[in-house]
Amino acid sequence: MELEAKERERTGIKNLRIKYNKVFGYYLEVTNSYRDMVPDDYVRKQTLTNAERFITADLKELEDIILGAEDKLVALEYEIFQDIRNKIAGEVLRIQKTAKAVAGIDVFSALALVAEQGNYCRPSLNEKGIIDIKNGRHPVVEKMINNDMFIANDTYLDNKKQRISIITGPNMAGKSTYMRQTALIVLMAQIGSFVPAQSAKIGIVDRIFTRVGASDDLASGQSTFMVEMTEVANILRNATHNSLLVLDEIGRGTSTFDGLSIAWAVVEHISNPKLLGAKTLFATHYHELTELEGKLDNVNNYCIAVKEKGDDIVFLRKIVPGGADKSYGIQVAKIAGVPDSVIARAKVIAEELSAHDIAEFTGRITVEGAPAKKQNKKLDEVDLTQMSLFDTVKDDDIIQELKDLDLGNLTPIDALNKLYQLQNKIKNRW
């Protein structure tokens, strides 16, 4: 700016400007209207349509100083950076130790704050395998429910008679929340945190395994059921008798008898101390699994309390001993907004199917690991043919008619006519 002012005064060119670009560097720019006033010591650098660009010895010297200073600045910055880096490297252990201490303070202060705000209790740890939680709560879900309306529940598991809890009840009633809160309370206790409960005695576990929720991996060709079975396989192969298992709806992605059979066998496997013997919360809609209480000494039934008001239900969200006798799925579908015509039809079908309840079969299944006096009929004496929704209509005559057809002597037009007649018979019946 000083050089620009000096050159304006020396030459009398009022609109003289010193500018810069990456190609030409610094230059003096003079418009054509003042071109006749340009001094002889100006060296032409570039000609434009409306102006000329020049360089002088003073400007060239100033340019070298400025551009050289930038290079020196970059070099100096890198030198300082290297110096700081070397000093930090020399103190890295002390810095890491300090960072770890700060992180610990951050975690403990956060846990202390939520413990005070949430009225958490100090748990006691034991190596006896006993998990005894009184009025336990889910630390996240309770914050999402207004007016302290979250329903607290007790949990008791041990390595003896209370190893496995079979939990039944309708969807949306709170089974998953109850099981997850138990796992979270155990986890929080073992990291040194207070827990959301009135009191808690927590047996130390080596790992917590969960099979909760529906997911798939279609990109790898794995369906929801395949992912579920892969997770179950991982749990059964890697869990120990010191693990805590949280299993939600095992076997629901396949046919009724396949799914029930898998769920039943999984419970038997877990309950056997020689095979696994892990403490387990097992939520299911297969009410037939409640038959295992009394047949396996360490299996106990619990359910979510529900109050019925006509065709409507109210979820009390309280875990009570005993098994649920139905799933209330139709009522839940009604709450979800499924059309009334579908709800009405579902009730009719449910009544028809109830006459063929598979519970009558599961009561006669031989249970591995159960005492002989608690066994019933052997499995091969039970007819486990799965009932079809269409068994109420007999189409024996149509089947016989198809069997009697002489396909070798039928012309194409005769075959089409016969197929049309059979199709009309079926349509008329349905």
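1. C303 is buried, with a relative accessible area of 10%. C121 also counts as buried, at 11% relative accessibility. Here buried means under 20% relative accessible area, exposed means over 50%, and partly exposed lies in between, using a 1.4 Å probe and protein chains only. The structure holds zero disulfides, a disulfide being a pair of cysteine sulfur atoms within 2.5 Å.

2. A word on the model. This is a predicted model, in which local features need pLDDT of at least 70 and side-chain atom pairs count only at pLDDT 80 or more, while totals for chains, interfaces and linings use all residues. Residues are numbered from 1 along each chain as its sequence is written, and side-chain values use heavy atoms, with hydrogens and water left out.

3. The overall picture comes next. The protein chain has 12 helices and 14 strands. Both are DSSP runs numbered from the N terminus: helices are H or I with at least four residues, strands are E with at least two. Buried residues make up 34% of the 430 residues in the protein chain. Take the contacts between residues at least 6 apart in sequence: 63% of them join residues at least 24 apart. Contact means heavy atoms within 4.5 Å.

4. How do helix 6 and helix 7 pack? Helix 6 spans residues 224–238 and helix 7 spans residues 256–271. Their angle is about 15 degrees, and their axes are 12 Å apart. That makes helix 6 roughly parallel to helix 7. Angles under 35 degrees count as roughly parallel, over 145 as roughly antiparallel, 65 to 115 as roughly perpendicular, and the rest as oblique. Axes are lines fitted to C-alpha atoms, for helices over the stretch in contact, and angles run from 0 to 180 degrees between N-to-C directions.

5. Helix 6 passes helix 7 in a left-handed crossing. A crossing is left-handed if the near helix is turned anticlockwise from the far one by less than a right angle, and right-handed if clockwise. On the helix 6 side, the meeting residues are F225, M229, V232 and L236. Helix 7 brings I262, V266, H269 and I270. By class, the contact of helix 6 with helix 7 has seven nonpolar residues, one polar and no charged. Ala, Val, Leu, Ile, Met, Phe, Trp, Tyr, Cys and Pro count as nonpolar, Asp, Glu, Lys and Arg as charged, and the others, Gly among them, as polar.

6. I262 sits in helix 7. At 26% relative accessibility, I262 counts as partly exposed. Leaving aside residues up to four places away in sequence, I262 touches F225, M229 and I250. I262 and I250 are 12 residues apart along the chain, and their C-alpha atoms are separated by 7.6 Å.

7. Is E228 buried or exposed? E228 lies in helix 6. At 6% relative accessibility, E228 counts as buried. Not counting residues up to four places away in sequence, E228 touches R211, E249, I250, G251, R252 and G253.

8. Helix 8 (residues 329–336) and helix 9 (residues 340–354) pack at an angle of about 175 degrees. Their axes are 10 Å apart. That makes helix 8 roughly antiparallel to helix 9. I330, A333 and K334 of helix 8 make the contact with I343, A346, K347 and A350 of helix 9. The contact of helix 8 with helix 9 divides into five nonpolar, no polar and two charged residues.

9. D312 belongs to strand 14, which covers residues 312–321. D312 is partly exposed, with a relative accessible area of 42%. Beyond residues up to four places away in sequence, D312 touches K307 and K334. K334 also takes part in the contact of helix 8 with helix 9. D312 and Q331 are 19 residues apart in sequence and 6.2 Å apart in space, C-alpha to C-alpha.

10. R317 is found in strand 14. Phi of R317 is near 55 degrees, a positive value in a residue other than glycine. R317 is partly exposed, with a relative accessible area of 36%. N119 is placed in the loop between helix 3 (92–117) and strand 5 (124–126). Phi of N119 is near 55 degrees, a positive value in a residue other than glycine. N119 counts as exposed, at 59% relative accessibility.
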